[in-house]
Amino acid sequence: MLIKIAPSILSADFSKLGEEVLRIERAGADLVHIDVMDGHFVPNITIGPPVVKSLKKVSNLPFEVHLMIENPDMYIESFADAGADIISVHAESCCHLHRTIQKIKQLGKKAVVALNPATSLCTVEWVLEDVDMILLMSVNPGFGGQKYISGVTRKIEELKRIIDSRGLHIDIEVDGGIDTENIHSVTKAGANVIVSGSTIFAAEDTVKIIQELRMNSYR
Ligand code: DX5
Ligand code: ZN
């Protein structure tokens with residue numbers, strides 16, 4: 001399966017975000033992963049629709065907004081208007097998950113459901129047919145640079161098994177603590193969209209690190 005590398009700009013230099021997005025685009029990134037945090041759902045605050053709108057002007061890559069916020073329904077339209085192509089909501093913050101997914105799709109955007117490390121796969125069992133991708137968190141959301149929770153590898157395998165057994169074609173994205181060493185275990189388990197923040201932005205050579213992540217994901 002084709003692997004996509006999705007740099008998380010949470011670890012970018014916020015004083016020159018436009019240049020940072022261009023840097024990853026030129027280095028071969030497949031999409032831009034934008035971590036949106038509200039200080040309620042997660043203990044951190046990041047960026048909102050105006051920033052997404054500004055960045056959209058400088059980049060041609062697809063934008064994914066990873067909404068780590070309470071009451072995402074209230075903001076989906078604003079992010080869609082700002083230029084998000086893929087909208088990811090957490091199952092833990094949606095009490096009417098099916099409705100939220102439909103709302104994203106009605107806006108013509110790709111719908112993704114994210115699950116925290118401790119949240120069971122059965123939470124998405126009845127919406128699998130409706131989504132474009134499932135995002136499995138491999139750290140507790142809120143911060144970049146955390147360590148990959150190894151137990152998540154088995155969760156990826158299990159999700160892949162369920163998706164295949166139903167004959168579905170849904171992407172599996174994994175987010176948190178992925179580096180050039182552990183990326184292969186993540187893709188081997190069945191993930192095909194790989195988020196990486198601190199690994200990519202801490203590297204001296206962005207082209208090289210993205211190439212290395214991609215290469216290592218296949219072996
Ligand atoms: C965590 C975010 C991740 C994070 C990934 O809450 O959702 O996208 O920034 O960064 P690294 O790769 O540094 O774990
Ligand atoms: Zn994220």
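Tutor: The questions below concern a predicted model.

Student: How many helices and how many strands are in the chain?

Tutor: Both kinds of element are present in this chain. The count is eight helices and eight strands.

Student: Why is the chain described as compact as a globular protein of its length?

Tutor: For 219 residues the globule rule gives 17 Å. The chain comes close to that figure, so it is as compact as a globular protein of that length. Its radius of gyration is 16 Å.

Student: What percentage of the residues in the chain is buried?

Tutor: A residue is called buried when its relative accessible area is under 20%. Applied to the 219 residues in the chain, buried residues make up 52%.

Student: Is Ser59 buried or exposed?

Tutor: Ser59 is found in the loop between helix H2 (49-56) and strand E3 (63-68). Its relative accessibility is 5%. Because buried means under 20%, Ser59 counts as buried.

Student: Where is Asp38, and which backbone nitrogen lies 2.7 Å from a polar atom of its side chain?

Tutor: Asp38 is in the loop between strand E2 (32-37) and H2. Not counting residues up to four places away in sequence, Asp38 touches Asn44, Ile45, Met68, Ile69 and Glu70. One of these residues supplies the backbone nitrogen at 2.7 Å, namely Glu70.

Student: What distance separates the C-alpha atoms of Asp38 and Gly142?

Tutor: Asp38 and Gly142 are 104 residues apart along the chain.

Student: Which residues are in contact with Gly197, leaving aside its neighbours within four places in sequence?

Tutor: Gly197 is in the loop between strand E8 (193-196) and helix H7 (198-202). At 15% relative accessibility, Gly197 counts as buried. The C-alpha atom of Gly197 is 8.9 Å from that of Asp175, a residue 22 places away along the chain. Beyond its sequence neighbours within four places, Gly197 is in contact with Ser8 and Ser11.

Terms used
Residues are numbered from 1 along each chain as its sequence is written. Chains are lettered from A and ligands numbered from 1 in the order in which they are written. This is a predicted model: local features need pLDDT of at least 70, side-chain atom pairs count only at pLDDT 80 or more; totals for chains, interfaces and linings use all residues. Side-chain values use heavy atoms; hydrogens and water are left out. Helices (H or I, at least four residues) and strands (E, at least two) are DSSP runs, numbered from the N terminus. The radius of gyration is taken over C-alpha atoms; the globule rule is 2.2 Å times the number of residues to the power 0.38. Buried means under 20% relative accessible area, exposed over 50%, partly exposed in between (1.4 Å probe, protein chains only). Contact means heavy atoms within 4.5 Å. A polar contact is a pair of N or O atoms within 3.5 Å; within protein, one must be able to donate a hydrogen and the other to accept it, and residues adjacent in sequence count only if both atoms are side-chain atoms.
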